[in-house]
Amino acid sequence: GPCMVRASAKNNAGVCIATSAQQYAGLMQQMNENDGCTTYDFRKNMAAAAYALTASYDSAVSGWLAGEVTSPPSTHSIAFQVERPLKYGCNPHQLPAALCSVGGGKM
């Protein structure tokens, strides 16, 4: 479940977590190029993707459950999908994006 995914992502110094079949090709390439291992940068990228996935899941469950109770929490979270990256507009270390849609929905 999500706890195992987060635990793997947290330990990315020595663990690589794949959360989608679409990641398998990159994982296999890494392992083929690195004698059965993966690079730290690759593991960090995979961990970031894993955390994004579990955060989106947590947001969906939290939103659903808040609608099922008589006293919903005062904090709400929403997950967005990047629809179109931007070339400019932020500091050099940031990745700007625009036209975000709520997870699973269309704008």
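The buried residues of helix H1 (residues 2–10) are Val-5, Ser-8 and Ala-9, where buried means under 20% relative accessible area, exposed over 50%, and partly exposed in between (1.4 Å probe, protein chains only). Because these residues cover an arc of only 100 degrees around the axis, they lie on the same side of H1; the arc is that of the directions from the helix axis to the C-beta atoms. An α-helix has 3.6 residues a turn, so residues three or four places apart point the same way. On the other side of H1, Cys-3, Met-4 and Lys-10 are exposed. The cover over the buried residues of H1 includes H3.

This is a predicted model, in which local features need pLDDT of at least 70 and side-chain atom pairs count only at pLDDT 80 or more, while totals for chains, interfaces and linings use all residues. Residues are numbered from 1 along each chain as its sequence is written, and side-chain values use heavy atoms, with hydrogens and water left out.

The protein contains three helices and two strands, arranged along the sequence in the pattern α-α-α-β-β. Helices (H or I, at least four residues) and strands (E, at least two) are DSSP runs, numbered from the N terminus. Of the 107 residues, 18% count as buried. The accessible surface comes to about 8,100 Å², and 58% of that area belongs to carbon and sulfur atoms; areas come from the Shrake-Rupley method with a 1.4 Å probe, and for residues only the protein chains shown count as cover. Among contacts (heavy atoms within 4.5 Å) between residues at least 6 apart in sequence, 36% join residues at least 24 apart.

The largest nonpolar core has five residues, namely Val-5, Ala-9, Ile-17, Ala-47 and Ala-50. Such a core is a set of buried Ala, Val, Leu, Ile, Met, Phe, Trp, Tyr and Cys residues joined through side-chain atoms within 4.5 Å. H1 and H3 are the elements that give two or more residues to this core. Leaving aside its neighbours within four places in sequence, Ala-47 is in contact with Ala-9, Asn-12 and Ile-17.

A search of the whole structure finds one salt bridge, defined as a side-chain nitrogen of Lys or Arg within 4 Å of a carboxyl oxygen of Asp or Glu. The partners are Asp-58 and Arg-6, at 2.8 Å from N to O. Asp-58 belongs to helix H3 (residues 40–66) and Arg-6 to H1, so the pair ties together parts that are 52 residues apart in sequence.

The count of disulfides is zero, a disulfide being a pair of cysteine sulfur atoms within 2.5 Å. The table gives the accessibility of selected residues.

| Residue | Relative accessible area | Class |
|---|---|---|
| Cys-3 | 57% | exposed |
| Arg-6 | 25% | partly exposed |
| Asp-35 | 76% | exposed |
| Cys-37 | 45% | partly exposed |
| Asp-58 | 32% | partly exposed |
| Ala-79 | 21% | partly exposed |

Asp-35 lies in the loop between helix H2 (24–33) and H3, and has a positive phi of about 50 degrees although it is not a glycine. Most residues other than glycine have a negative phi. Ala-79 lies in the loop between H3 and strand E1 (80–85). Ala-79 and Leu-53 are 26 residues apart in sequence, with a C-alpha to C-alpha distance of 9.5 Å.
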